[in-house]
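Here is a briefing on a single chain. Look at the sequence and the model first, then read on.

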Amino acid sequence: MAISASEAHYIIESCLTDLRIDGRSKLEHRPYTITNRSTHTKTSQSATAPAFILSNGSSRIHLPGSTTDVVCSVKADLVHPSPSKPNQGILELNVDLSLCGGGGTLEASAGGGGAQKRRRQQREEESQITSLLQRLILPHAVNHESLVVWPGKYVWRLSIDVMVLRCDGCVLDASSIAIREALQNTKLPKVQAVMEKGNDDANNGGSASKNDLLVDGDHHKAVSPCGAEDCPLVITVSVLSSPPSATDAVTSTTGSKRYKSIAIIDARTEEEACASTRVCVTVDTNGMVCGVHTLGGGGAGMEEEGEQGGAGGSSMPISMLGEVVTTASMAAKNLYTKLDRDRQVVKDVSSTDNDCGYGYLLKNHFLIQ
């Protein structure tokens, strides 16, 4: 996203005073609205909403004004396990930016260019976001061993599809929330392995095979994937450093200049364009760090300082490392608290409301194909 030096000055100075351009503090998330399989949640609000038909689990996260809108769907299939991991289930992830336009989500997109260039940038961005989520989320999303139905023969394959309809910064954070909510609302039907007991029925002409699976289509007997409640979240910490024209430099005893920096979370697109660097930290429900990845920043107005050892470019002062980790940990703790509180409120409301919207005909049974 292109941003002028004066705009960067205003945004950075606002963050340094802990009063961002939308009124939030540095550790405050935006008021996301989460819609899942059968519930609609927001801070201190809850109501019912329709489910995605033909999905075992789904969720939607969006912001007022439609500045961010991410949809996630989970489809479960019984497949043969991987030869290298016969006793583990399979998780697949795909990210689609076709409706978002693929601009302003991870990297600062260069202006101009034809349709072919934009499509190429979109494919590259989709591949990058998919790869990051696969490394940061999927290894810790669920208990892979619990997805085994018949060791060495059949396991559950969870296909996670994330569609970014609109994005106003921190696409990884919004996608991780959508994935976590969708997995927690995923229902897997009860499946039993029917083993061969003998050859008594070999000549009966029955259609059942010697070794078969018995699938129970009753939705009330379905269970969620084990470990989905511990699925980690991605917290992107953006580091903003003031350019020389924004504030007086602090001169050390060696004569080198150091500039004021601040770490913020859930940055908007304008704030991401001003960040010198962004650090994606995956934090689980126990406060443990599961993965870390560094993204480049826009660094608007700081290009001249990048070659002088300042805070420009895609770097940050080493003294900021501890603050980044602490910021991510505190933000994750606050976010988990809000999500768990809203989920409990939704459970209390949904227990007295059985309406499932347009999915009413399939609300009690799976569609078995």
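Where does Asp18 lie? Asp18 sits in the loop between helix H1 (5–16) and strand E1 (33–36). Helices (H or I, at least four residues) and strands (E, at least two) are DSSP runs, numbered from the N terminus.

This is a predicted model, in which local features need pLDDT of at least 70 and side-chain atom pairs count only at pLDDT 80 or more, while totals for chains, interfaces and linings use all residues. Residues are numbered from 1 along each chain as its sequence is written, and side-chain values use heavy atoms, with hydrogens and water left out.

**The chain overall**

- The chain holds six helices and 16 strands.
- Of its 369 residues, 45% count as buried. Buried means under 20% relative accessible area, exposed means over 50%, and partly exposed is in between (1.4 Å probe, protein chains only).
- Among contacts in the chain with a separation of 6 or more, 74% join residues 24 or more positions apart. A contact means heavy atoms within 4.5 Å.

**The four-stranded sheet**

- Four strands make an open sheet, in the order E14-E11-E15-E16, with antiparallel pairing. Two strands pair if DSSP finds at least two bridges between them.
- Strand E14 (261–265) and strand E16 (289–296) are the edges, each pairing on one side only.
- From one strand to the next, the twist averages 25°. Axes are lines fitted to C-alpha atoms, for helices over the stretch in contact, and angles run from 0 to 180 degrees between N-to-C directions.
- Strands of a sheet pair through backbone hydrogen bonds, either parallel or antiparallel.
- E11 and E14 are antiparallel and share five bridges. Val237 has Ile265 in E14 as its bridge partner.
- Strand E15 (residues 277–283) is joined to E16 by seven bridges, again antiparallel. Cys280 stands opposite His293 in E16.
- Helix H4 (residues 171–184) lies across strand E11 (233–241), E15 and E16. The helix runs at about 165° to E11.

- E14 is largely enclosed by the rest of the structure, because five of its five residues are buried.
- Ser261, Ala263 and Ile265 point one way from E14, while Ile262 and Ile264 point the other way.
- In a regular strand the side chains alternate between the two faces of the sheet.

- Asp266 occupies the loop between E14 and H5. Asp266 is buried, at 1% relative accessible area.
- Phi of Asp266 is near 50°, a positive value in a residue other than glycine.
- Glu272 belongs to helix H5 (residues 269–274). Glu272 is buried, at 6% relative accessibility.
- Glu272 and Val239 are 33 residues apart in sequence, with their C-alpha atoms 8.8 Å apart.

**Back to Asp18**

- Asp18 has phi near 60°, a positive value in a residue other than glycine.
- Asp18 is partly exposed, at 35% relative accessibility.

**Around Trp150**

- How many aromatic pairs does a search of the whole structure find? The search finds one.
- Trp150 and Tyr154 have ring centres 6.3 Å apart and planes at 45°, so the pair is tilted. Rings of Phe, Tyr and Trp (its six-membered ring) pair if their centres lie within 6.5 Å; planes under 30 degrees apart count as stacked, over 60 as edge-to-face and the rest as tilted.
- Trp150 is buried at 7% relative accessibility, whereas Tyr154 is partly exposed at 27%.
- Lys153 lies over the face of Trp150, 5.7 Å from the ring centre. A charge sits over a ring if NZ of Lys or CZ of Arg is within 6 Å of the ring centre and within 35 degrees of the ring normal.

**Pro81**

- Pro81 is in the loop between strand E5 (69–79) and strand E6 (90–96). Pro81 is buried, at 12% relative accessibility.
- Leaving out residues up to four places away in sequence, Pro81 touches several residues, including Lys153 and Tyr154. Others among them are Pro86, Gln88 and Ile90.
- Pro81 and Val148 are 67 residues apart along the chain, and their C-alpha atoms are separated by 8.5 Å.
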